[in-house]
Amino acid sequence: MNEVLETKTFFVEYLCSQPEEREWIDKIKDQLKENLAVGKPLRYYWFREKRHKNYRLYYIINEKLSRALLVSYSRKKDQDRIIEHVIGNKVDYLRLINELF
């Protein structure tokens, strides 16, 4: 079974989301525990998103370590900003998913 981790930023967004959205996110967490390759790759195989209505769940995967790191949950309009942020800080995010235990 895969491990699903969260950034502090994601956790705050999760707490601020609606109950229906939290339920959907929890289902995606369960999916990731079974299969890391769910969702749409974003420029890189390790960076992915899942859509829910007008929102996106962004996460990074490491298949070798069987881990997923939930990075952000936000509206579609923030998509470009979040993608650019994660890609621009990919070294830090990849280090984070590799070093967390």
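Which residue's side chain meets that of Glu20 in a salt bridge? In this predicted model, the partner is Lys53, with a distance of 2.6 Å from N to O.

## The bridge between Glu20 and Lys53

Glu20 belongs to helix 2, which spans residues 19-34. Lys53 is found in the loop between strand 3 (44-52) and strand 4 (55-62).

Glu20 is partly exposed, because its relative accessibility of 44% falls between the limits of 20% and 50%. Lys53 has a relative accessible area of 64% and is therefore exposed, the limit being over 50%.

## Other salt bridges

The whole structure contains nine salt bridges. One of them joins the side chains of Asp26 and Lys29, at 3.8 Å from N to O. Both of these residues lie in helix 2, and they are three residues apart, which is about one turn of the helix. Asp26 is partly exposed, with a relative accessibility of 29%, whereas Lys29 is buried, with a relative accessible area of 15%. Asp26 and Lys29 also belong to one network with Glu6, joined by salt bridges that share partners.

A further salt bridge links Arg56 with Glu49, and the closest N and O atoms of this pair are 3.8 Å apart. Are Arg56 and Glu49 buried or exposed? Both residues are buried.

## The largest pocket

The largest pocket holds about 210 Å³ of space. Which elements each supply at least two residues of its lining? They are helix 1 (8-16), strand 5 (67-75), helix 3 (79-88) and helix 4 (90-99).

The lining consists of Thr7, Thr9, Glu13, Val71, Ser72, Ser74, Asp78, Arg81, Ile82, His85, Tyr93 and Leu96. In terms of residue type, the lining of the largest pocket comprises four nonpolar, five polar and three charged residues. Glu13, Asp78 and Arg81 are lining residues of the charged type, because Asp, Glu and Arg are among the residues counted as charged. Val71, Ile82, Tyr93 and Leu96 also line the pocket, and they are nonpolar because Val, Ile, Tyr and Leu are counted in that class.

Key:
Residues are numbered from 1 along each chain as its sequence is written. This is a predicted model: local features need pLDDT of at least 70, side-chain atom pairs count only at pLDDT 80 or more; totals for chains, interfaces and linings use all residues. Side-chain values use heavy atoms; hydrogens and water are left out. On a 1 Å grid over the protein atoms alone, a cavity is a set of points where a 1.4 Å probe fits but cannot get out, and a pocket is an open set with protein on both sides within 12 Å along at least five of seven lines; lining residues have an atom within 4 Å of a point. Grid points are joined across faces, edges and corners, and a volume is the space filled by probe spheres set on the points. Helices (H or I, at least four residues) and strands (E, at least two) are DSSP runs, numbered from the N terminus. A salt bridge is a side-chain nitrogen of Lys or Arg within 4 Å of a carboxyl oxygen of Asp or Glu. Buried means under 20% relative accessible area, exposed over 50%, partly exposed in between (1.4 Å probe, protein chains only).
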